[in-house]
Amino acid sequence: MKHEVAKGRGATLQIEGRFESVARERIDDGWGTADEELPPFKTTVTVERAKSVIQRQDASNPLFSQSLNAYRGCEHGCIYCFARSSHGYLNLSLGLDFETKLFAKPDAAKLLRAELAKPSYRCAPIALGTNTDPYQPIEREWKITRQVIEVLAECKHPLSIVTKSALVERDLDLLAQLAQDNLVQVYISVTTLDAELAHKLEPRASSPRRRLQAMRVLNEAGVPCGVLVAPVISFLIDAELENVLQAAHEHGARSAGYSLLRLPYELKELFEDWLATHYPLKAAHVMNRLREMRGGSDAGLGGYSRGNDQFSELLAQRFQIACGRLGLNLDDMPLDTGSFRPPSRAGQMALF
Ligand code: SF4
């Protein structure tokens with residue numbers, strides 16, 4: 001269902017995901033209201049009672065073998081977010097529902113404490129923010145990410161954070177303490193330096209300038225904070241790759257990564273509509289280039305690969321050359337897993 005561009009929101013469509021068991025359709029019921037403007041979308045937060053919070057996955061990078069997501073849905077509303085599809089499991093749309101109907105796990109820190117206390121637990125870094133942003137705006141009030149980091153700091157447990165929010169600065173005290181023991185790595189994701197484009201692309205994330213400021217604050221406090229240029233979107237922002245890396249370097253980043261845009265399943269429809277709405281003259285070029293980079297068809301748009309066409313290879317070369325020139329990614333040191341100590345019994349008892 002197409003709707004007007006909602007102020008401060010990303011999606012221009014409200015569509016069902018493949019996991020939804022119901023479908024909705026806007027119909028004319030004879031009252032002449034079908035074309036009336038819908039009421040504004042307000043953010044709601046529903047409490048989710050989870051049974052466990054650590055997710056495990058096969059990951060080439062050990063930083064991401066375990067993850068914890070305190071929230072479902074993300075108010076940042078990035079149009080390209082691949083986590084959108086998962087909102088279908090809740091029978092909610094991957095369009096504006098993903099950005100406005102949020103779920104929070106207030107028990108996350110308690111559950112984490114219980115999982116870390118199990119004799120069978122084996123320490124490996126826990127990544128915060130693999131699916132939804134741990135510092136999205138509702139964290140200001142719910143503070144679940146902070147509670148989780150408090151438990152990890154108490155246990156000297158390594159963690160990594162990926163965020164598009166300057167709110168990460170709030171937890172500088174804990175992060176600096178963890179950094180002293182080589183227990184934390186932060187990545188701030190910067191897609192573009194163009195504030196106007198970022199506002200359309202990632203409407204409720206911090207502005208690029210604010211993200212870079214946060215990067216500087218963290219690095220100056222001794223918290224290693226690199227940059228993720230994610231996702232790179234050809235024809236729209238790929239020309240900025242070197243400039244983003246340069247800006248990150250100037251704000252203290254010593255590590256960097258990038259990823260290509262992925263558009264699995266319904267996300268393609270959502271992204272295409274956003275392009276047609278905001279950048280109609282570039283839309284066909286962007287989509288065609290994307291297909292070329294993903295094997296020439298729509299079927300490959302959701303792939304994880306970095307692509308093997310000439311554009312992808314050129315992008316990889318540009319990234320390597322820029323990182324080499326700026327001295328990025330020279331000191332990759334694994335986080336410490338040897339200092340972990342299970343949570344105290346006193347903290348455990350507080351669970352019951
Ligand atoms: S900040 Fe991350 S999780 Fe949130 S919408 Fe953007 S890409 Fe998705």
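The exercises below work through a predicted model of one chain.

Residues are numbered from 1 along each chain as its sequence is written. Because the model is predicted, local features need pLDDT of at least 70 and side-chain atom pairs count only at pLDDT 80 or more, while totals for chains, interfaces and linings use all residues.

**Exercise 1. The chain as a whole**

Task: State how many helices and strands the chain has, and what share of its residues is buried.

Solution: Helices (H or I, at least four residues) and strands (E, at least two) are DSSP runs, numbered from the N terminus. The chain has twelve helices and ten strands. A residue is buried if 20 or more other C-beta atoms lie within 10 Å of its own, exposed if 12 or fewer, and partly exposed in between, with C-beta atoms placed from the backbone. Of the 352 residues, 41% are buried. Two residues are in contact if their C-beta atoms, placed from the backbone, lie within 7 Å. Among contacts between residues at least 6 apart in sequence, 80% join residues at least 24 apart.

**Exercise 2. Helix α10**

Task: Find which residues of α10 are buried and what they pack against.

Solution: Helix α10 spans residues 283-293, and its buried residues are Met-287, Leu-290 and Met-293. These residues lie on the same side of α10 because they cover an arc of only 125° around the axis, the arc being that of the directions from the helix axis to the C-beta atoms. The buried residues of α10 pack against β10 (256-260), α9 (267-278) and α11 (310-326). Just after α10, Gly-295 takes a positive phi of about 90°.

**Exercise 3. α9 against α10**

Task: Describe the angle between α9 and α10 and the residues in their contact.

Solution: The two helices pack at an angle of about 150°, with their axes 9 Å apart. Axes are lines fitted to C-alpha atoms, for helices over the stretch in contact, and angles run from 0 to 180 degrees between N-to-C directions. α9 is therefore roughly antiparallel to α10, the cut-off for that term being over 145 degrees. From α9 the contact takes Glu-272, Leu-275 and Ala-276, and from α10 Ala-283, Val-286 and Met-287. By class, this contact has five nonpolar, no polar and one charged residues. Ala, Val, Leu, Ile, Met, Phe, Trp, Tyr, Cys and Pro count as nonpolar, Asp, Glu, Lys and Arg as charged, and the others, Gly among them, as polar.

**Exercise 4. Backbone exceptions**

Solution: Most residues other than glycine have a negative phi, and most peptide bonds are trans. With 13 C-beta neighbours inside 10 Å, Asn-91 is partly exposed.

**Exercise 5. Glu-48**

Solution: Asp-107 is 59 residues from Glu-48 in sequence and 8.7 Å away in space, C-alpha to C-alpha.

Notes. Angles under 35 degrees count as roughly parallel, over 145 as roughly antiparallel, 65 to 115 as roughly perpendicular and the rest as oblique.
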